[in-house]
Amino acid sequence: MTGSEAPPSFRLAYVPGVTPDKWVRIWNERLPDVPLALAQVPAAGASRVLLDGDADAGLVRLPVDRTLLSAIPLYTETTVVLIPRDHLVTAADEVTVEDLADEIVLHPLDDVLGWDRPPGRPALERPATTADAVELVAAGIGVLLVPLSLARLHHRKDLTYRTVTDAPESSVALSWPESAHTDRVEDFIGIVRGRTVNSTRGRQPGPARSKDGRGEAAGSVRRKAAGGGTGGGSGGKAGGKQTGGVARRGTGGNRRTGSAGKGRGGGRGGRPRHR
């Protein structure tokens, strides 16, 4: 862990379409003394926000620069085409890119699908934002392909959508700077991964550790055991537990006790007498 100083609050950036409510609620339950500050940022600018130190972590859209940012993929969204409710495409439950070949497909400047070449016919101009493109769809200018969450974010009563089965998809990830993997970041990683409140994965263990990496408490027990225990009686406490306990052997219910050499019938070595 590179960061040991806990910030007074945890700053989480998130891009449009991402809904962090559930994770925020769990954070507030587990860490009530550490406020979580939310900031929505444009998808294209999310990486810059993290690298400039304006947020401790972010819910972003992939890809990100993995040489500078760590990222844990969380989920991949279905891609849909946003259309007017009276559009011919609504006759099908789902469509392909080829089905949109004759449509004007709007390609906003903040597109998150990463097309090599968008399908359909291009518009005369690219809308500046997805919100602008939605307005053009409502005006009957063209159609728009977006991740499902963005279609829901820009919901309008006069628009609907259909799944596009072979379009590129957008993946959402939790990301943070490689050089700023703090305890608070690890706390949030645990929340999004569903770890329990008692999980110590990714955290430094509680007991102090010696130079060879072994726990001090465990090393102390081993040293005491080697020195003959800590208290009276043969073998000390550790020895008492070992010899006083009963271990079962095999299926016959034979017991091995601390008194070696005595068998069940009183013979030496535990062997039956021969007549």
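Select E98, D99, D102 and D166: they form a patch of negative charge on the surface. Patch members have over 30% relative accessible area and no salt bridge, with like charges joined within 9 Å. A salt bridge here is a side-chain nitrogen of Lys or Arg within 4 Å of a carboxyl oxygen of Asp or Glu. Asp and Glu count as negative, and each charge is placed at CG of Asp or CD of Glu.

This is a predicted model, where local features need pLDDT of at least 70, side-chain atom pairs count only at pLDDT 80 or more, and totals for chains, interfaces and linings use all residues. Residues are numbered from 1 along each chain as its sequence is written, and side-chain values use heavy atoms, leaving out hydrogens and water.

Now center on D102. It sits in the loop between β6 (94–95) and β7 (104–106).

Next, select T160, in strand β10 (residues 159–164). T160 has a relative accessible area of 14%, so it is buried (under 20%). Show its contacts (heavy atoms within 4.5 Å). Leaving aside residues up to four places away in sequence, T160 touches V81, L82, I83, P84, R85 and T90.

Move to helix α5, residues 183–192. Nine of its ten residues are buried, so the rest of the structure largely encloses α5. Among the buried ones are R184, E186, D187 and F188. Which elements do the buried residues of α5 pack against? Color β1 (10–14), α1 (21–30), β2 (36–40), β4 (69–77) and β11 (170–177) to see them.

Last stop: G194, which follows α5 and has a positive phi, near 80 degrees.

How values were computed: Patches are made of residues with over 30% relative accessible area and no salt bridge: like charges are joined within 9 Å, nonpolar side chains (Val, Leu, Ile, Met, Phe, Trp, Tyr) within 5 Å. Accessible areas come from the Shrake-Rupley method with a 1.4 Å probe; for residues, only the protein chains shown count as cover. Helices (H or I, at least four residues) and strands (E, at least two) are DSSP runs, numbered from the N terminus. Buried means under 20% relative accessible area, exposed over 50%, partly exposed in between (1.4 Å probe, protein chains only).
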